[in-house]
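This report looks at a ligand site and at the nonpolar cores of the protein. Please keep the model open while reading.

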Amino acid sequence: MDVPHSQVFFPNTLPELFSAWSRYPNAVPFGGGTEIIRGQGKTTVTLPPNILSLDKLDELHHITRTERYLEIGAMVKINEIINLGKTVPEVLRQTLKGIASPQVQNIATIGGNICHTSRRMDASAPMIALDARYELRTAQGVRWISASRFSALSGPLAFNPQELFTRLRIPLEQWNYSIYKKFESPYIGLESGGVAVFLVRVQKNILTDIRMVFSEKIILRDKNSEAFLAGKRLPLDRKDVVHYLELWKTYLSAIALKGELLKAKLLNFIETTIIELS
Ligand SMILES: Cc1cc2nc3c(=O)[nH]c(=O)nc-3n(C[C@H](O)[C@H](O)[C@H](O)COP(=O)(O)OP(=O)(O)OC[C@H]3O[C@@H](n4cnc5c(N)ncnc54)[C@H](O)[C@@H]3O)c2cc1C
């Protein structure tokens with residue numbers, strides 16, 4: 001039987017979606033489409049030949065909150081998450097508010113942000129710092145994966161063939177200090193220059209948990225420097241601050257980042273943040 005080319009599917013259920021995907025293995029999931037059609041200034045847009053619209057999959061639009069977790073479906077729009085207010089960890093809310101513009105936030109989905117194929121978009125940094133987990137589905141079953149394993153350092157996302165990102169789960173834990181920083185891109189208006197987030201938990205003046213994650217083309221997180229500061233008392237000793245910065249410098253020097261400027265900006269952010277904390 002001849003299969004027609006250029007199909008747009010609007011499945012109402014996941015079995016329908018996977019059935020279409022198995023017939024068209026190169027079909028592309030379509031969330032809000034803001035990334036898929038990005039940068040096309042013409043009156044007609046060019047789309048991938050086969051599209052799987054996720055819009056009619058009800059369960060991907062759900063938001064659930066329990067005492068310990070916030071669960072968000074892949075098709076929930078960026079502005080819907082922002083509008084949840086204080087339910088959302090502050091560092092995530094700030095990051096989402098910094099994405100593009102309110103117009104784009106009305107259309108773009110969290111799933112599309114996390115599933116960008118060649119870059120790590122802004123939401124990846126807070127998701128990793130907050131220990132979020134992602135639910136991935138295929139026709140055969142469901143698995144959960146940590147945000148950090150899914151987005152890894154660089155390279156492709158940890159998808160299996162024809163696997164869909166369906167929802168995410170964020171632990172609702174108390175952080176005493178959280179900072180979000182968006183870096184300017186050298187290509188104004190076109191790209192995000194990356195996002196850094198810094199989270200700290202303190203108990204009885206002792207630093208119990210510290211996380212600093214950067215996402216752009218690559219995820220940067222130095223667990224050595226985090227382990228070094230965990231357990232230290234506030235205010236921090238100057239020599240500990242210096243050593244923490246040295247650990248970051250060593251970590252960054254081993255990583256191929258495009259342009260020294262970004263490394264310098266990142267180190268500057270880390271230094272300012274740690275000095276403020278101490
Ligand atoms: C003007 C402009 C400015 C922007 N600025 C920023 C910015 O500052 N920061 C930022 O992070 N992003 C930015 N973006 C990029 C983009 O808008 C966001 O990343 C957005 O969240 C993508 O969501 P979407 O639903 O539109 O994704 P889509 O375009 O629908 O999809 C993006 C990718 O994810 C895949 N995908 C989507 N959903 C799923 C799923 N559930 N499972 C598996 N794969 C899936 C698609 O196949 C595609 O490869 C900008 C875009 C524009 C147009």
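A polar backbone atom of Gly33 sits 2.8 Å from an oxygen atom of the ligand. For Pro29, a backbone N or O atom lies 2.6 Å from a ligand oxygen. Arg38 uses its side chain: a polar atom there is 3.4 Å from a ligand nitrogen. Polar contacts here are pairs of N or O atoms within 3.5 Å. The protein buries 89% of the 980 Å² that the ligand exposes when taken alone (Shrake-Rupley method, 1.4 Å probe).

This is a predicted model; local features need pLDDT of at least 70, side-chain atom pairs count only at pLDDT 80 or more, and totals for chains, interfaces and linings use all residues. Residues are numbered from 1 along each chain as its sequence is written, and side-chain values use heavy atoms, without hydrogens and water.

## The shell

## Nonpolar cores

The largest nonpolar core has 52 residues. A core joins buried nonpolar residues (under 20% relative accessible area, 1.4 Å probe, protein chains only) through side-chain atoms within 4.5 Å. Leu96, Ile110, Ile114, Met127, Tyr134 and Leu168 touch the most other members.

Leu96 is in contact (heavy atoms within 4.5 Å) with Ile78, Ile81, Ile82, Gln105, Ile110 and Ala123, leaving aside neighbours within four places in sequence. A second, separate core holds 30 residues, including Ile179, Leu229, Leu257 and Leu262.

Conventions:
A polar contact is a pair of N or O atoms within 3.5 Å; within protein, one must be able to donate a hydrogen and the other to accept it, and residues adjacent in sequence count only if both atoms are side-chain atoms. Buried means under 20% relative accessible area, exposed over 50%, partly exposed in between (1.4 Å probe, protein chains only).
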